[in-house]
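This report works through one structure, from its aromatic residues to its helices and its core. Please keep the sequence and the model open while reading.

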Amino acid sequence: RIMPATYMLERCLSDAWYSVVNEHQSPRAALNEAVFTIDQETAIRMQQFGYLDETGNVVREYDMRSVTEILDEVSGR
């Protein structure tokens, strides 16, 4: 299941890996930076798509069902 900004998860985990391996950064520090960046980007995208307001309050819920579940519901299965 995909939600807005999941591309940032892959990018930040990859960046963290390279920071640990190539720059000898501590894994904890690299992952903490990744989490911060991922959370920021997710909040920005959720605001952009109307799920959160500018202060971070939920405006509408994000539907995390799979496409199959949604299509089954729509078709009455």
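How many aromatic pairs does a search of the whole structure find?

## Basis of the report

The model is predicted, so local features are taken only at pLDDT of at least 70 and side-chain atom pairs only at pLDDT 80 or more, whereas totals for chains, interfaces and linings use all residues. Residues are numbered from 1 along each chain as its sequence is written, and side-chain values use heavy atoms, with hydrogens and water left out.

## The aromatic pair

The search finds one aromatic pair, where pairing requires ring centres of Phe, Tyr or Trp (its six-membered ring) within 6.5 Å, and planes under 30 degrees apart count as stacked, over 60 as edge-to-face and the rest as tilted. The rings of Tyr 51 and Tyr 62 have their centres 5.0 Å apart and their planes at 80°, so the pair is edge-to-face. Both Tyr 51 and Tyr 62 belong to the loop between α2 and α3 (67–75), eleven residues apart; helices here are DSSP runs of H or I with at least four residues, numbered from the N terminus.

Tyr 51 is buried at a relative accessible area of 14%, while Tyr 62, at 24%, is partly exposed (buried is under 20%, exposed over 50%, partly exposed in between, with a 1.4 Å probe and protein chains only).

## Helix α2 and its two sides

The 22 residues of α2 should span 32 Å at 1.5 Å a residue, and the 31 Å between its end C-alpha atoms agrees with this; the expected span is 1.5 Å times one less than the number of residues. Buried residues in α2 are Ala 30, Ala 34, Ile 38, Glu 41, Thr 42 and Met 46. They cover an arc of only 130° around the axis, which puts them on the same side of α2, the arc being that of the directions from the helix axis to the C-beta atoms.

On the other side of α2, Arg 28 and Phe 36 are exposed. What covers the buried residues includes α1. Just after α2, Gly 50 takes a positive phi of about 85°.

Glu 41, in helix α2, is buried with a relative accessible area of 13%. Its side chain makes a polar contact of 2.4 Å with that of Tyr 7 (N or O atoms within 3.5 Å, where within protein one must be able to donate a hydrogen and the other to accept it, and residues adjacent in sequence count only if both atoms are side-chain atoms).

The largest nonpolar core has six residues, Met 8, Cys 12, Ala 16, Ala 30, Ala 34 and Ile 38. Helices α1 (6–23) and α2 (27–48) each give two or more residues to this core, a core being a set of buried Ala, Val, Leu, Ile, Met, Phe, Trp, Tyr and Cys residues joined through side-chain atoms within 4.5 Å.

Technical notes. Contact means heavy atoms within 4.5 Å.
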